[in-house]
Amino acid sequence: MNPKVDQFFEDARKWRAELVALRKIVLACELGEDLKWGSPCYAYKGGKVLIMGELKDSCTLSFFKGALMEDPQGLLKKPGENTRAARVIRFTNVEEIAELETILKAYINEAIELEKAGSEVNLKEGSELPVPEELRMEFDEDPDFEVAFEALTPGRQRAYLLHFAAAKQSQTRASRVLVSKPRILCGMGLNDCTCGLSKRMPACDGSHRQLKKGT
């Protein structure tokens with residue numbers, strides 16, 4: 001267990017017991033534990049394998065390369081219609097997790113084997129929107145950036161892809177990728193609020209202008 005991740009479980013509200021049960025199963029598979037994008041993230045020798053999440057209607061295990069997994073039990077689902085790499089399993093009670101413990105460990109071990117083998121999801125295959133070469137080059141330079149982008153909701157991914165592709169010049173596309181990179185690494189969308197004043201969180205409603213007037 002990583003002490004800096006403990007606070008996530010202490011702060012969990014509706015799904016605390018379920019998340020604690022999942023944590024026990026994941027750690028039994030000897031994965032490294034860290035906090036990424038505000039959630040417990042598990043890796044094998046630095047390669048991201050899965051991440052936990054707490055939603056209103058469930059808690060989740062999300063496999064970063066779930067699209068490559070066999071899924072004999074039919075448990076893995078796309079987080080969104082346009083998601084290409086990640087696959088998620090949702091849980092709503094501790095009993096369900098206990099019943100699936102052996103199966104979940106098998107899924108986790110399969111994901112670890114994919115990471116050991118260096119398997120990669122072809123992000124261009126079957127994609128509704130093409131991934132600009134400038135973005136692909138940045139992914140190649142920084143794998144964590146690619147992981148962060150894939151962790152975004154399909155809507156946020158689409159907004160960024162449209163924003164990058166709208167630039168006619170390669171230099172401009174590359175610049176937009178670099179400018180957007182810090183937001184993506186923080187799990188934020190192109191139009192998400194950064195000042196915390198918006199009344200339409202997480203979307204920006206222009207409230208940041210109040211800060212400029214006050215300076």
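In this predicted model, helix α2 lies across β1, β2 (39–44), β3, β4 and β5, and runs at about 165 degrees to β3. Helix α4 also has strands under it: α4 lies across β2, β3, β4 and β5, this time at about 145 degrees to β3.

The sheet itself is open and built from five strands, in the order β1-β2-β3-β4-β5, with antiparallel pairing. β1 (32–36) and β5 sit at the edges with a single partner strand each, so one side of each has no neighbour in the sheet. From one strand to the next, the twist averages 25 degrees. Looking at one pair, β3 and β4 run antiparallel and are joined by five bridges; Ile51 has Ser62 in β4 as its bridge partner.

Now for the packing. The largest nonpolar core holds 31 residues, and the ones touching the most other members are Leu50, Phe63, Phe91 and Ile108. Two or more residues each come from α1 (6–11), α2 (16–27), β3 (47–54), β4 (59–63), β5 (87–91) and α4 (101–116), with α4 giving the largest share, six residues. Leaving aside residues up to four places away in sequence, Leu50 touches, among others, Val26, Leu31, Tyr42, Leu61, Phe63 and Ile108.

On the α7 side, Tyr160, His163, Phe164 and Ala165 meet Arg173, Arg176, Val177, Ser180, Arg183 and Ile184 of α8. By type, the residues of this contact are five nonpolar, two polar and three charged.

Technical notes
Residues are numbered from 1 along each chain as its sequence is written. This is a predicted model: local features need pLDDT of at least 70, side-chain atom pairs count only at pLDDT 80 or more; totals for chains, interfaces and linings use all residues. Side-chain values use heavy atoms; hydrogens and water are left out. A nonpolar core is a set of buried Ala, Val, Leu, Ile, Met, Phe, Trp, Tyr and Cys residues joined through side-chain atoms within 4.5 Å. Buried means under 20% relative accessible area, exposed over 50%, partly exposed in between (1.4 Å probe, protein chains only). Helices (H or I, at least four residues) and strands (E, at least two) are DSSP runs, numbered from the N terminus. Contact means heavy atoms within 4.5 Å. Ala, Val, Leu, Ile, Met, Phe, Trp, Tyr, Cys and Pro count as nonpolar, Asp, Glu, Lys and Arg as charged, and the others, Gly among them, as polar. Two strands pair if DSSP finds at least two bridges between them. Axes are lines fitted to C-alpha atoms, for helices over the stretch in contact, and angles run from 0 to 180 degrees between N-to-C directions.
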